[in-house]
Amino acid sequence: MKAVVIFLPKFQGALTERKTKETMRLKGEFVKRTVALAALACVAALLSTSGIAKTTWGPADAAATFKSKCAACHGADGSGDTTVGKNLKVKDLRSAEVQGLSDDQLYEIIAKGKGKMPPYEKALGADTCKSLVAFIRSLKK
Ligand code: HEC
């Protein structure tokens, strides 16, 4: 019994020491993560205010543009399954026929228009028209 009483404080001491170490390790980790997050936020803020972010149109931007400018005729999924699309007999943008066109051909149609399809180069700019070509490719079945 005596042995246990003597041993116990030692054991507790070791335990608290381990706990302190653990807390310190966690704190260190927390600080590291906070610094990393702050750095990321800075980079994001820099990117969004610099011109770079505006000229490199990602697929997300192209998707939004397609939805607002093209979906009325071509449908959000490019199927052309809309009232206007059916009236104008637009082809399914996902079809082998349309996907078989080259990037340049797709770009020409979007930029300069074709038949009842209005031209978009002036309104959207060349970069956006290019990103729309990439978006149409992404619709491919
Ligand atoms: C007013 C309806 C309308 C809108 C809006 C419209 N299009 Fe079209 N689009 C058409 C029609 C009609 C054709 C078929 C033209 C032809 O072959 O005479 C076409 C053809 C195309 C084609 C070639 C596929 C084919 O049928 O040969 C592509 C690619 C295309 N459109 C992309 C777009 C994109 C991208 C947008 C948005 C920036 C857009 N269109 C907006 C009506 C529209």
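# Exercises on a predicted helical model

Among the elements of the protein chain, helix 6 has the highest mean pLDDT (98), and helix 2 (residues 52–55) has the lowest (47). The model is predicted.

## Exercise 1. Confidence

Task: Find what the mean pLDDT of the protein chain is, and where pLDDT stays under 50.

Solution. 
- Step 1. Take the average. The protein chain has a mean pLDDT of 80, and 59% of the residues score at least 70.
- Step 2. Decide how to read it. Where pLDDT is low, the predicted coordinates should not be read in detail.

## Exercise 2. The fold in outline

Task: State how many helices and strands the protein chain has, and what share of its residues is buried.

Solution. 
- Step 1. Count the elements. The protein chain has eight helices and zero strands.
- Step 2. Write the order along the sequence. The pattern is α-α-α-α-α-α-α-α.
- Step 3. Get the burial. Of the 141 residues in the protein chain, 15% are buried.
- Step 4. Look at contact range. Take contacts between residues at least 6 apart in sequence: 43% of them join residues at least 24 apart.

## Exercise 3. Buried or exposed?

Task: Classify leucine 106, alanine 71, serine 95 and alanine 96 as buried, partly exposed or exposed.

Solution. 
- Step 1. A residue is buried at 20 or more other C-beta atoms within 10 Å, exposed at 12 or fewer, and partly exposed in between.
- Step 2. Leucine 106 sits in helix 6. Leucine 106 is buried because 20 other C-beta atoms lie within 10 Å. Beyond four places in sequence, Leu101, Val133 and Ile136 are in contact with leucine 106. The C-alpha atoms of leucine 106 and cysteine 129 are 9.2 Å apart, at 23 residues in sequence.
- Step 3. Alanine 71 belongs to helix 3. Alanine 71 has 17 C-beta neighbours inside 10 Å, so alanine 71 is partly exposed. Not counting residues up to four places away, alanine 71 touches Phe66 and Ala76. Phenylalanine 66, counted likewise, touches Ala71, Leu132 and Phe135.
- Step 4. Serine 95 is in the loop between helix 4 and helix 5 (96–99). With 15 other C-beta atoms within 10 Å, serine 95 is partly exposed. Serine 79 is 16 residues from serine 95 in sequence and 8.4 Å away in space, C-alpha to C-alpha.
- Step 5. Alanine 96 lies in helix 5. Alanine 96 has 9 C-beta neighbours inside 10 Å and so counts as exposed. Alanine 96 and lysine 140 are 44 residues apart in sequence, yet their C-alpha atoms are 8.3 Å apart.

## Exercise 4. A backbone exception

Task: Find what the phi of lysine 89 is, and where lysine 89 lies.

Solution. 
- Step 1. Most residues other than glycine have a negative phi.
- Step 2. Read the angle. Lysine 89 is not a glycine, but its phi is positive, about 55°.
- Step 3. Lysine 89 is in the loop between helix 4 and helix 5.
- Step 4. Check exposure. Lysine 89 has 9 C-beta neighbours inside 10 Å and counts as exposed.

## Exercise 5. The ligand shell

Task: Identify which residues come nearest the ligand, and which helix gives the most to the shell.

Solution. 
- Step 1. Take the shell. There are 23 residues around the ligand, and Cys70, Cys73, Lys91, Gly115 and Met117 come nearest.
- Step 2. Assign elements. Helix 3 (59–74), helix 4 (83–88), helix 6 (103–112) and helix 8 (126–139) each give two or more residues.
- Step 3. Helix 3 gives the most, with six residues.
- Step 4. Sort by class. The shell has 17 nonpolar, two polar and four charged residues.

Note on methods: Residues numbered from 1 in each chain as written. Predicted model: local features only at pLDDT ≥ 70, side-chain atom pairs only at ≥ 80, totals over all residues. Near = placed C-beta within 6 Å. Helix = DSSP H or I, 4+ residues; strand = E, 2+ residues; numbered from the N terminus. Nonpolar A, V, L, I, M, F, W, Y, C, P; charged D, E, K, R; others polar. Contact = placed C-beta atoms within 7 Å. pLDDT = per-residue confidence, 0-100.
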